[in-house]
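Subject: Handover of a structure

Hello,

Here is the structure I promised to pass on. My notes follow below it.

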Amino acid sequence: MIEFRLQIDSRITRAVVPLIIKSFSECGKTAEPVFPYPEESDQELMDTWAKSLREDLAQDRQRLARLLNDAKFAHGYVEIPDEDMELVLRALTEIRLFIRKANLEAFSDEELETGEFVLPHKPQLAQSYYLAYLVLAEVQEGLIAQAA
């Protein structure tokens, strides 16, 4: 079992968990795998590939859903079975990319990478999603550190 506590204040975690869950739900409705080779003419190959990827994504999301729905998570505690780590990491990446694209347009890539900006100068909703983005990043970092 992988277990650790987030460094982010649990008041922030409790405040952004509803945004994370909302984003998780919206992301699951919009994400559709796209075959990486548009010139491919074998429809059966493309359909099989997409079906397999959808199944993998569903499994990743299911494991992340367990974490997000765990009451301890809202208080900053992360607990997942060892065998779920890779699946949860992939799902976390998917939801962070979704939040970045859908809710953090007020931030440049450089600002997100460096943290060099004044948070109160950003729109209120973007501030909240930024904090959700940070919580998910800390979960990813914690999982990676535990695996090392």
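L19 counts as buried because its relative accessibility is 17%; buried means under 20% relative accessible area, exposed over 50%, and partly exposed in between, with a 1.4 Å probe and protein chains only. L19 sits in helix 1, residues 10-30. Its contacts (heavy atoms within 4.5 Å) include S128 and Y129, once neighbours within four places in sequence are set aside. L125 is 106 residues away from L19 in sequence, yet their C-alpha atoms are 10.0 Å apart in space.

Before going further, a word on the source. This is a predicted model: local features need pLDDT of at least 70, side-chain atom pairs count only at pLDDT 80 or more, and totals for chains, interfaces and linings use all residues. Residues are numbered from 1 along each chain as its sequence is written, and side-chain values use heavy atoms, with hydrogens and water left out.

**The chain as a whole**

The protein chain has five helices and two strands. Both kinds are DSSP runs, numbered from the N terminus: helices are H or I with at least four residues, strands are E with at least two. From the N terminus on, the order is β-α-α-β-α-α-α. The C-alpha atoms fill a box of roughly 50 × 40 × 25 Å along the principal axes. The chain has 148 residues, and 44% of them are buried. Take the contacts between residues at least 6 apart in sequence: 73% of them join residues at least 24 apart.

The accessible surface comes to about 8,800 Å², by the Shrake-Rupley method with a 1.4 Å probe; for residues, only the protein chains shown count as cover. Carbon and sulfur atoms account for 53% of that surface.

**Charges and salt bridges**

There are 16 positive and 27 negative side chains. Lys and Arg count as positive, Asp and Glu as negative; His and the chain ends are not counted. The centres of the two sets lie 8 Å apart, with each charge placed at NZ of Lys, CZ of Arg, CG of Asp or CD of Glu.

How many salt bridges does the structure hold? It holds 10. A salt bridge here is a side-chain nitrogen of Lys or Arg within 4 Å of a carboxyl oxygen of Asp or Glu.

- R63 pairs with D84, with the closest N and O atoms 2.9 Å apart. R63 lies in helix 2 (residues 43-69) and D84 in the loop between strand 2 (77-80) and helix 3 (85-103), so the pair ties together parts that are 21 residues apart in sequence. Both R63 and D84 are buried.
- R11 meets D9 at 2.8 Å, N to O. R11 is exposed, at 58% relative accessibility. D9 is partly exposed, at 32%.
- E79 pairs with K72, the closest N and O atoms being 3.3 Å apart. E79 is partly exposed at 26%, and K72 is partly exposed at 39%.
- D60, E86 and R90 form one network, joined by salt bridges that share partners.

**Q140**

Q140 lies in helix 5, residues 124-147. Is Q140 buried or exposed? Q140 counts as buried, because its relative accessibility is 10%. Its side chain makes a polar contact of 2.8 Å with the side chain of T93. A polar contact is a pair of N or O atoms within 3.5 Å; within protein, one must be able to donate a hydrogen and the other to accept it, and residues adjacent in sequence count only if both atoms are side-chain atoms. Not counting residues up to four places away in sequence, Q140 touches L89, L92, T93 and R96.

Best wishes
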